[in-house]
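Dear colleague,

Please find below the structure that I am handing over to you. My notes on what was found in it follow directly after.

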Amino acid sequence: MKSSLPIEALRAALVKALKAGNRAVIQAPTGSGKSTQIPQMLVDEELVQGRVVVLQPRRIATRMLAKRMAQERGGKLGDEVGYHIRFDRVFDKGTRILFVTEGLLLRQMLQGGGLKGVGAVVFDEFHERNLYSDLSLTLAKQVQEDSRPDLKILVMSATLDTDELSRFLAPCEVLTSQGRTFPVNISYAPGERETPVWELAARAFEKNFEKAQRDMLVFMPGAYEIGRTMDAIGQTRAGRQCVILPLYGELPPERQDAAVNPDPGGLRKVVVATNVAETSLTIDGVDLVIDGGLARIARYDPRRGINTLLIE
């Protein structure tokens with residue numbers, strides 16, 4: 001099924017590249033459709049035999065992208081399109097496109113088996129690099145070189161150092177999509193070190209509420225800050241005219257869906273989210289974004305030997 005998204009312009013080039021070789025690096029802007037359309041191209045153009053495994057760094061994006069793709073293909077989630085995250089799996093033996101988190105695929109490769117039944121591995125949002133993604137890419141490349149020359153490897157990102165990555169994967173094709181741009185008005189609120197970030201966000205929300213015609217999106221670094229921001233916005237006059245919803249990875253699926261879908265009562269939404277809504281997901285209907293300027297960033301802690309999340 002062909003789409004009208006910007007990534008569609010790469011279809012012919014992708015077909016040519018993967019018929020000539022088995023590796024590709026795809027650079028495409030946020031919102032271009034790469035996460036949902038590229039895996040479908042692999043299947044629809046018969047570029048792979050076997051399952052297409054799509055790696056996502058976040059559990060919430062893994063589940064919601066699979067749900068979106070299943071809807072696009074007119075099927076039931078878990079049949080042709082499925083997902084597998086920790087403590088939750090919705091797929092069967094006939095699933096052709098499987099969204100998974102990085103740790104699960106890494107565990108499968110470390111257990112051996114040469115990725116049996118997998119025709120392609122797609123590393124999405126690779127700019128969010130961590131120990132799992134780097135090891136998974138290295139092991140997939142090793143499997144391809146040692147025993148699976150038919151295995152296709154694709155690496156995708158909106159902001160990626162393609163030169164360094166293409167040297168590591170050489171020989172490989174680098175494909176670039178220009179995407180679409182729209183005018184965006186940006187304004188900055190004065191910083192106040194003594195004022196909590198959620199109070200500053202509530203002020204910005206109330207000040208700019210009349211400028212927005214549709215839904216609003218507020219970025220906060222974590223669940224605690226999201227809860228405080230929801231309370232602060234809810235106490236404003238403008239906030240009482242909206243439905244205020246959280247969006248982060250630990251929420252139950254039905255609450256995540258509520259944040260992404262239109263409000264059934266027709267009210268305007270205010271979605272207070274972590275940076276999962278920055279690149280991994282697209283929330284339709286938003287025309288005002290308030291960014292608190294903070295995010296929890298995964299960093300490797302050499303003293304403890306583990307990844308940790310730091311507010312930056």
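The second largest pocket has a volume of about 1400 Å³. A pocket here is an open set of points on a 1 Å grid over the protein atoms alone, where a 1.4 Å probe fits, with protein on both sides within 12 Å along at least five of seven lines; lining residues have an atom within 4 Å of a point. Grid points are joined across faces, edges and corners, and the volume is the space filled by probe spheres set on the points. The lining consists of 38 residues, and those nearest the centre are Pro-57, Arg-58, Asn-130, Ala-298 and Leu-309. Helix α4 gives the largest share of this lining, 6 residues. The elements that contribute two or more residues are α3, α4 (102-110), α5 (131-146), α10 (276-279), β13 (296-301) and β14 (306-311). By class, the lining has 15 nonpolar, 12 polar and 11 charged residues (Ala, Val, Leu, Ile, Met, Phe, Trp, Tyr, Cys and Pro count as nonpolar, Asp, Glu, Lys and Arg as charged, and the others, Gly among them, as polar).

Please note that this is a predicted model, in which local features need pLDDT of at least 70 and side-chain atom pairs count only at pLDDT 80 or more, while totals for chains, interfaces and linings use all residues. Residues are numbered from 1 along each chain as its sequence is written, and side-chain values use heavy atoms, with hydrogens and water left out.

As to the overall fold, the protein chain has 10 helices and 14 strands (DSSP runs, H or I of at least four residues for helices and E of at least two for strands, numbered from the N terminus). The radius of gyration, taken over C-alpha atoms, is 20 Å, close to the 20 Å that the globule rule (2.2 Å times the number of residues to the power 0.38) gives for 312 residues, so the chain is as compact as a globular protein of that length. Buried residues make up 49% of the 312 residues (buried means under 20% relative accessible area, exposed over 50%, with a 1.4 Å probe and protein chains only).

The largest nonpolar core has 45 residues, and Leu-14, Ile-26, Leu-42, Val-52, Phe-99, Leu-154 and Leu-247 have the most contacts inside it. Such a core is a set of buried Ala, Val, Leu, Ile, Met, Phe, Trp, Tyr and Cys residues joined through side-chain atoms within 4.5 Å. Helix α3 (residues 59-72) supplies the largest share of this core, 7 residues. Apart from this core lies another, of 24 residues, among them Phe-205, Met-230, Ile-233 and Ile-290.

Leu-42 belongs to helix α2 (residues 34-44) and counts as buried, at 0% relative accessibility. Leaving aside neighbours within four places in sequence, the contacts of Leu-42 (heavy atoms within 4.5 Å) include Leu-14, Val-52 and Leu-154.

Most residues other than glycine have a negative phi, and most peptide bonds are trans. Phe-87, not a glycine, has a positive phi of about 70°; Phe-87 is in the loop between β3 (81-85) and β4 (88-90) and is exposed, at 74% relative accessible area. Glu-125 also has a positive phi, of about 50°, but is buried, at 2%. A cis peptide bond joins Ala-170 and Pro-171, with omega about 0°.

With kind regards
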